[in-house]
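Hi,

Here is the structure I promised to pass on.

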Amino acid sequence: MKKQLQKMKYSFPTSLIQYCYILFLGVLIPFFSFSQTEFTTWGNITGIRIDNQLMEFKSSLVLVDKNADERITRKEGQQINFRRIDDKKVFSYVMDSIHWKKTLYTDNDGSTVVDIDFTSRNDTLINGAYFKIELPAAFDMDTKFNISNPSTIYLKDINNPFKGADFKSPTTAIKVMSATRELNVTLEKMADVSIRAGDSINPNIEINFRLAGGQITSDSIYNNKFTINASGEIDRSPIELTLFPDQQGEKFDGIGGNFRLQNPNMDPQVIDYSLKNLRVTWSRIEMPWHLWQPELSKNPIEEANKGNLHPKVKAAMEMAKRLDKMGIPVILAAWFPPDWAIIGERSRGENLDGTRGNVLDQSKKSAIYKSITDYIKYLKDEYGVETVMFSFNESDLGIDVRQTAEEHNLLIKELGRYFKSQGIDTKFLLGDTADANGWEFTTIASLDPETRPYIGGVSFHSWRGWTDENLIKWSDIAKRVELPLFVGEGSIDAGAWRYPQIFEESTYALDEIDVYLKILNIAQPLTILQWQLTADYSPMSGGGIFGNDTEELYPTQRFYNLEQLGSTPKGVYAIPIICSEDLVTSAAFLSSNKNKIAIHLVNKGATRNATITGIPKRINELKIYITNKEKSFESYKTVPVRNGIVSIELERASFISLMSK
């Protein structure tokens, strides 16, 4: 870009009008601009980044069946596969007998190309298969459309309704223009385009491009290629952030990690690297309960003393010992119960009634409590590990023990009493729910005075549901029981193990750390335990992980995000921070004596300047760290703090941290 500007230096027009016109083009038309397509983990486009500014819009693939029911590509809504082929991102979807393949790439002109194939394995009848684009609020009622046929229409003039849309026409190109944004879509083959819009207050414009419809012959391939260009005003306006250092919130210990062992060949190298290079403050490991006591008639401790300890149980206990020796508290979580402890056959996936997992056989309650207690005792006696807390993993969802809120409360109360009678100090992790929207699962236990003494902490997993409202609920629950909140499993897409190459995409890394900062700011957990610091969902790659045998083990952008967040000084507490820009997510931490601070920021917009006020007087300089697609937890600058104010530049699409030395 610098060379291009040097070449243009002596060719500017002398006319002021011409000069201003070129400036206008420079804002709206990204001819010399860097562009990057942003997309979700399941392949829906979220916008195109132009000169670091994200020009938002949403794309999806839509199947409307013969009954007019819609299926749309969404998070965990269909079978999916993802792979990279050179510079192309290839997503494959299965919706029953319907197969889609979508290829995303940037062409030589810097345009986003979406190449879509649609086919059915059987002869079928559908209303239509579509590539849909949803426009943001920047496209209002004054939005103008240039369509190859007819030439020009205005949104406010569209009044020609037909099945499910306000306008329909065959086209090979469409240009959508608002006061500040422009979107151009060119089709390789002519196709029907239909436009839907809401009311004058919420236009909510949808553009649907038809790929196929009617009678679909088996194995026939329907294809079209869409070339998309976006442009608009680049918002580089400065932002303001304000700290409130006198409003001390909850303690933040730093990052934690899950160490559920599943791959004996790949796990060790990732665990070794993580424990060597990350400051891990909490851990969560598996209790392989079904392997600890597979038969009710056999005493598991006696069997272990005979040398019959299952290798996976031994490995899990040795993992616990290693973490405990490093001073990392150990939380124990059980997934699979023994067959004797459940009602009916073991569940495989979703049950016929839509539930998952198995309920515990209450007629064997005494044996269940003893079996779990024996495991914790053996771990303490033979490996020296004091288990801090215990839970059934995601029992609200049934992964894999399924409980109601009443059963969850009863287990904590009764097993807690049994622990105490056996001299065990292990507490319970209240909730440990599959998602942030599962807080109701904890209500009964959090209000039961007989249960409260046996609760050691509150936990949810961050796969879904991290709305402001849900996060506030979790904060309230933790305050109600006066115990710390944990994010027992931290990440953003529970189905990504099926398409693990997505973990190396910069967009995934930025979205993940963005969610973490939102959780830290609103819910204020003691720690976020990354899922996982093993080869499963790994923040590492190479060395055979995810099938990547071509390179040695190396950290990805996600790992450097964890390292940066984990470098937050010890002994700090959350403090409020507010920001004037929605595209910047923030979280801040301060020590009680106000001499140690960490301010974490995710900038999802363009590069811009920021001013931060409210920094305590004892802090006179801050070190800046940054992680993005090009930089890996780099410390590149120390900035002075004057009168509680610091000014910095926020790089685009980056995780930025300011920390006291």
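**What I found**

Let's start with Gln532, which sits in the loop between strand E26 (527-530) and strand E27 (540-541). Helices (H or I, at least four residues) and strands (E, at least two) are DSSP runs, numbered from the N terminus. Before going on, note that this is a predicted model, where local features need pLDDT of at least 70, side-chain atom pairs count only at pLDDT 80 or more, and totals for chains, interfaces and linings use all residues. Residues are numbered from 1 along each chain as its sequence is written, and side-chain values use heavy atoms, with hydrogens and water left out.

Is Gln532 buried or exposed? Its relative accessibility is 0%, so Gln532 counts as buried (buried means under 20% relative accessible area, exposed over 50%, partly exposed in between, with a 1.4 Å probe and protein chains only). The side chain of Gln532 makes a polar contact of 3.2 Å with that of Gln262, and another of 3.4 Å with the side chain of Thr534. A polar contact is a pair of N or O atoms within 3.5 Å; within protein, one must be able to donate a hydrogen and the other to accept it, and residues adjacent in sequence count only if both atoms are side-chain atoms. Setting aside neighbours within four places in sequence, Gln532 also has contacts (heavy atoms within 4.5 Å) with residues including Asn258, Phe259 and Tyr537.

Another glutamine, Gln524, is in the loop between H11 and E26. Gln524 is buried too, because its relative accessible area is 15%. Its side chain reaches the backbone nitrogen of Glu250 at 2.9 Å. Beyond four places in sequence, Gln524 touches Gly249, Glu250, Ile519 and Ala574.

**The sheet**

Now find the open sheet of seven strands, with antiparallel pairing and the order E18-E29-E31-E32-E37-E34-E35. Two strands pair if DSSP finds at least two bridges between them. Which strands stand at the edges? They are E18 (251-252) and E35 (634-640); each has a single partner strand, so one side of each is left without a neighbour in the sheet. E18 is joined by two bridges to E29 (residues 572-575), and the two run antiparallel. Phe252 stands opposite Val572 in E29. Helix H11 (residues 506-522) packs on the sheet, touching E18, E29, E31 (584-591), E32 (597-603) and E37 (654-659), and its direction makes about 50° with that of E31. Axes are lines fitted to C-alpha atoms, for helices over the stretch in contact, and angles run from 0 to 180 degrees between N-to-C directions.

**A helix and an arginine**

Helix H7 (residues 365-383) has 19 residues and spans 27 Å from its first C-alpha to its last, close to the 27 Å expected at 1.5 Å a residue (that is, 1.5 Å times one less than its number of residues). Buried residues in H7 include Ile368, Ile372 and Leu379. After H7 comes Gly384, with a positive phi near 75°.

Arg284 lies in strand E20 (residues 283-287). It counts as buried because its relative accessibility is 1%, and its side chain makes a polar contact of 3.0 Å with that of Asp432.

**How confident is the model?**

pLDDT is the predictor's confidence in each residue, from 0 to 100. The protein's mean is 91, and 92% of its residues reach 70 or more. Over residues 1-33, though, pLDDT stays under 50, and residues 159-163 are also below 50.

Cheers!
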